[in-house]
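My entries follow the display.

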Amino acid sequence: MAAGDASLILKRLLFSVGLLLPAIAGAQSVTKYFGYFYGDAMSVPDVPDFHEFQDHVNLYSIMYWSGDSTTPANKDGSEVWVLTELARAKAAHVHAIVPGYPFVLRQVLNEKCFHDDPDAVRGWNSFTQKMVDQGYLIPGDPERSTVVAVYLIDEPNGDACLSDVNGAAHPALQTAFAAIRGNPATATLPVATVLTPDFAQINQGMKLFDWVGFDHYGDSDSQWYGHFNEMKSRAPGKKYIIVPGASNSCPKVKNEDPTRFLNTMNTDPDVIWLTPFKWLSSKSDGCIGVRDIPDRRATYTKVGLDIKARQCSVSRAAKWFCGKAPNISPGIDYLMGN
């Protein structure tokens with residue numbers, strides 16, 4: 001064997017080992033996320049709040065949409081918004097959870113209920129292909145992918161009108177899941193929801209989701225833990241979402257002490273996302289969010305920075321995504337003899 005051949009084989013062997021090690025490290029790590037619910041809301045007109053908190057979140061919750069999914073044109077409008085926000089997330093080295101409802105559920109403008117969408121497969125495939133083509137979704141690689149989950153629908157057992165029907169998951173939910181799971185690029189992508197505590201209304205539907213949470217602002221500790229434990233018993237083996245109320249002067253939301261939420265996030269390995277509601281301060285309803293509550297802002301900034309730092313250090317791939325590791329493409333070209 002010539003010396004040059006031996007050198008090339010060694011280079012390729014080292015390259016293969018270098019690829020395996022971060023993959024193994026990532027498989028052994030436990031990722032947790034912090035990011036404000038409805039993160040693309042706008043405290044200032046036409047400017048999503050993301051730039052105000054991007055330093056201390058590792059999950060950007062994108063939820064804004066056209067408000068009407070009855071036509072391909074309306075779905076296209078939602079695509080444009082979400083893809084624009086994914087560009088912001090990627091540039092800031094922040095993962096994102098994208099909305100599913102604009103593409104796989106049908107809702108008429110100004111109506112609360114969602115319905116079965118016969119256009120779900122086409123709508124979802126169109127959106128997914130754009131995420132892949134533009135580099136925001138890397139299937140099967142959550143450490144390098146900007147998109148790491150889908151938020152299918154908010155409170156399906158509430159105003160969304162998607163509670164179980166005749167002891168089975170609502171047909172519209174089944175259609176939505178079939179569209180998402182039927183696309184190879186999103187077949188294993190986690191699908192999330194936040195429920196009301198009326199879990200009995202969606203006992204079967206909630207089992208379809210991978211990440212499940214609930215919101216019920218103003219609970220005592222015993223009430224909240226009761227709801228949390230019931231949710232886990234009805235949907236075992238899932239990852240769980242915690243939603244602290246974090247608003248002042250808001251009719252339906254409370255400014256809740258973070259202690260129980262932080263304790264649960266830190267001690268329960270199955271809790272995956274801490275998502276305070278919300279950062280936004282809204283002039284329309286007078287709600288004051290975390291951005292303008294100094295003690296909550298200080299607490300959640302510290303918490304977010306800690307969670308983000310841990311997630312960014314779990315593997316070489318995570319460090320690369322977070323902008324803390326160099327681009328190794330030139331080195332790969334050299335090792336491969338290109």
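I looked up Ser61 and found its bridge partner in strand 3 to be Ile97. Strands here are DSSP runs of E with at least two residues, helices are runs of H or I with at least four, and both are numbered from the N terminus. The model is predicted: local features need pLDDT of at least 70, side-chain atom pairs count only at pLDDT 80 or more, and totals for chains, interfaces and linings use all residues. Residues are numbered from 1 along each chain as its sequence is written, and side-chain values use heavy atoms, with hydrogens and water left out.

I then noted that strand 2 (residues 59-61) and strand 3 run parallel, joined by three bridges; strands pair if DSSP finds at least two bridges between them. From strand 2 the chain passes through helix 3 (residues 72-91) to strand 3 in a right-handed β-α-β crossover, meaning that the path over the helix runs clockwise with the strands pointing away from the viewer.

I followed Ile97 to strand 6, where its bridge partner is Ala149. Four bridges join strand 3 to strand 6 (residues 147-154), and the two run parallel.

Is strand 3 enclosed or open? I found five of the five residues of strand 3 (residues 95-99) buried, so the strand is largely enclosed by the rest of the structure. Buried means under 20% relative accessible area (1.4 Å probe, protein chains only).

Last, I checked helix 7 and helix 8. Asp221, Trp224, Tyr225 and Phe228 in helix 7 meet Arg260, Phe261 and Thr264 in helix 8, contact being heavy atoms within 4.5 Å.

Key. Buried means under 20% relative accessible area, exposed over 50%, partly exposed in between (1.4 Å probe, protein chains only).
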